[in-house]
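Hello,

Here is the structure you are taking over. Please look through it first; notes on what was found follow below.

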Amino acid sequence: MIELGPHAAYIVGAYAGVAALLAALIGWVAWDAHRVRQQLRALDARGIRRRSDSGGTAA
Amino acid sequence: MSLDSTAKKPNWFSRLAHPGEFLRWSGPWILPLSLLTALLFAIGLWLAFFVSPGETENVGTTLRIIYMHVPNAWLSQFVYGVMAVAALGTLVWRHPLADVANKAAAPLGAAFTALALFTGALWGRPTWGTFWEWDGRMTSTLVLLLIYLGIIALWRAFDDQLRAGRIAAIVTLVGAVNIPIVKFSVDWWQTLHQGSSVLVTGGPRMAPTILWSLAVMMLAFTLLFLVLHIVSIRTEILRRRATSLARQAAMGADA
């Protein structure tokens, strides 16, 4: 076990807080990307696509 | 000579600028950069907890908070620098990707700035006896967070994203005045916050093991920003494509 000293709660709090917010940020970025790709797939399924994407997938 | 052979190939800047080209070349970089980021975080945490000393004379046993605080504080300013360059790209060069880069970076910058303030508060309590003090560095960093939030709100306030891009670019450049204030606040005013320890005349004022651990963590955080920024730019390009297609489809249905 690593000895963190008398201020261990502040050290653990800082690392835990950073880990939590970064996990939330990564999750939000990934979810947003997934959601937009789903929108494009839904449009593609309705036959709405860019002329340059003839026959290809939307994303 | 055929027409194809005389056609000028677009230079690297033009290829970078074109949204479709950006989607093409940036995709293959995401996984390797993500893996490199994870590796650097693993090495950085190992250095921070098993190689770096646990305490120093000036900050005592709270030293390890430095590996969370300094990278976030660095990114709070670096991301704004990226947004300011993107703002110039929008206003001066009308770079097709510039306003997308500005919009994509704003939430990331806000998150890193919030983390700099959060870890700073947790570091301040045991070393200074307070979570918060209205001194130059802390107040200017809080102002930086408010500027980020203002730019995010601005982007969300307009349906016309081209117009939003121009206004956000102007606000970003006006807000850039705050960056040197954040950076030099510890030199200009008497503050609780200590002065720079790394980029100083005569070399860094810290032990090499602390310096190396910090350097690896800063690189890891910077790469994390780069990966998230690339993914967010790609998402924004596709979002605009989806919005444009949906609008065209609606207009076609009305006709």
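**Helix packing within chain B**

In this predicted model, the axes of helix α4 (residues 66-93) of chain B and helix α8 (residues 178-188) of chain B come within 10 Å and cross at roughly 155°. Axes here are lines fitted to C-alpha atoms, for helices over the stretch in contact, with angles running from 0 to 180 degrees between N-to-C directions. The helices themselves (H or I, at least four residues) are DSSP runs, numbered from the N terminus. The angle therefore makes α4(B) roughly antiparallel to α8(B), a label for angles over 145 degrees. The crossing of α4(B) and α8(B) is left-handed, that is, the near helix is turned anticlockwise from the far one by less than a right angle. From α4(B), B:Gln77, B:Tyr80 and B:Gly81 make the contact, and from α8(B), B:Ile179, B:Val182 and B:Lys183. Residues are in contact if their C-beta atoms, placed from the backbone, lie within 7 Å.

Residues are numbered from 1 along each chain as its sequence is written, and chains are lettered from A and ligands numbered from 1 in the order in which they are written. As the model is predicted, local features need pLDDT of at least 70 and side-chain atom pairs count only at pLDDT 80 or more, while totals for chains, interfaces and linings use all residues.

**Between the chains**

26 residues of chain B are in contact with 28 residues of chain A. On the side of chain B that touches chain A, α5 (98-128) and α9 (208-254) of chain B each supply at least two residues. The largest share, eleven residues, comes from α9(B).

The axes of α1(A) and α5(B) come within 9 Å and cross at roughly 170°, which means that α1(A) is roughly antiparallel to α5(B). Among the residues that meet there are A:Gly13, A:Val18 and A:Leu25 in α1(A), and B:Leu115, B:Phe118 and B:Arg125 in α5(B).

**The core**

The largest nonpolar core has 56 residues. Such a core is a set of buried Ala, Val, Leu, Ile, Met, Phe, Trp, Tyr and Cys residues joined through C-beta atoms within 7 Å, buried being 20 or more other C-beta atoms within 10 Å of a residue's own. α5(B) gives the most to this core, with 15 residues. B:Val79 is one of the residues with the most contacts inside the core. Not counting residues up to four places away in sequence, B:Val79 touches B:Ala105, B:Leu108, B:Gly109, B:Phe112 and B:Phe225.

Regards

Conventions. Two residues are in contact if their C-beta atoms, placed from the backbone, lie within 7 Å. Angles under 35 degrees count as roughly parallel, over 145 as roughly antiparallel, 65 to 115 as roughly perpendicular and the rest as oblique. A residue is buried if 20 or more other C-beta atoms lie within 10 Å of its own, exposed if 12 or fewer, and partly exposed in between; C-beta atoms are placed from the backbone.
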